[in-house]
Amino acid sequence: MRNGVAQQSHAIYPGSFDPPTNGHLDVIARAAAIFPVVTVAVVVNPQKREPLFTLDEREEMLLRCTGLHPNVRVDHFRGLLADYVTSIDAHVIVKGLRVVSDFENEMAFAHMNRSLSNVDTMFLMSDSSYSFVSSSLIKEVFLQGGDISKYVPDVVLEYMQQKRLAQVRK
Ligand code: PNS
């Protein structure tokens, strides 16, 4: 974006990233092309369920996958996203949209975050080829023996394979 607003903005792209997918990377690349600084922020305790990957593993995978973007950094946060965004003086939250139902959920989050911290949320549509790709589906397919290599970066595939080996050895 060539206007002054985006050039001054530090964007936060929050998520569980358990694990990061090609859809996440697509949104990160789009955000990195718009905003001067993008922080990919891993939530410490995802609300949905016990994560497959530890916080350190999720951050390591993201660092290795986003290394090509000099303006992307990786961080983590606990508690409310609105408080984290304020604490690091960021200007905007970025969220990815795949399908219309994503928007229905995200709209309430965006209003709540703006109400709590006066920070706006901008939505970026991931490529349509990722419209059905989610971390939870990737985990389910992988843990049932399916091929997920099309949907995650090679680094993530390696971490997934190591995780499966570790589980088999238990
Ligand atoms: O990748 P996810 O699991 O869809 O990411 C969800 C996330 C981390 C963005 C959301 O759960 C979140 O913001 N959690 C922090 C707690 C919080 O602020 N909750 C109120 C949201 S309005």
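Start by selecting Glu158 and Arg64 in this predicted model: their side chains meet in a salt bridge, 3.9 Å from N to O. Glu158 sits in helix 7 and Arg64 in helix 3 (residues 55–65), so the pair ties together parts that are 94 residues apart in sequence. Colour by accessibility and Glu158 comes out partly exposed, at a relative accessible area of 37%. If you run a search over the whole structure, expect 7 salt bridges.

Next, pick Asp18 and Lys139. Here the side chains form another salt bridge, at 2.7 Å, N to O. Asp18 lies in the loop between strand 1 (10–15) and helix 2, while Lys139 lies in helix 6, so this contact ties together parts that are 121 residues apart in sequence. Is Asp18 buried or exposed? Asp18 is buried, with a relative accessible area of 4%. Lys139 counts as buried too, because its relative accessibility is 11% and the cut-off for buried is under 20%.

Now for the rings. There are 4 aromatic pairs to find. Select Tyr13 and Phe17 for one of them: the ring centres are 5.4 Å apart and the planes sit at 70°, so the pair is edge-to-face. Both partners are buried, with Tyr13 at 6% relative accessibility and Phe17 at 2%.

Move on to Phe103 and Phe123. Their ring centres are 5.7 Å apart with planes at 75°, so this pair is edge-to-face as well. The pair links distant parts of the chain, with Phe103 in helix 5 and Phe123 in strand 5 (residues 120–125), 20 residues apart. Phe103 counts as partly exposed at 34% relative accessibility, and Phe123 is partly exposed at 27%.

Keep helix 5 (residues 100–117) on screen and go to Leu116, which has its place there. Leu116 is partly exposed, with a relative accessible area of 48%.

One more salt bridge to click on is Asp102 with Arg98, where the closest N and O atoms are 3.0 Å apart. Asp102 is buried, with a relative accessible area of 12%, whereas Arg98 is partly exposed at 37%.

Last stop: Pro36. Look for it in the loop between helix 2 (22–34) and strand 2 (37–43). Pro36 is partly exposed, with a relative accessible area of 33%.

Terms used:
Residues numbered from 1 in each chain as written. Predicted model: local features only at pLDDT ≥ 70, side-chain atom pairs only at ≥ 80, totals over all residues. Heavy atoms only, no water. Helix = DSSP H or I, 4+ residues; strand = E, 2+ residues; numbered from the N terminus. Buried < 20%, exposed > 50% of the residue type's maximum accessible area, 1.4 Å probe, protein only. Salt bridge = Lys/Arg side-chain N within 4 Å of Asp/Glu carboxyl O. Phe/Tyr/Trp six-rings, centres within 6.5 Å; stacked < 30°, edge-to-face > 60°.
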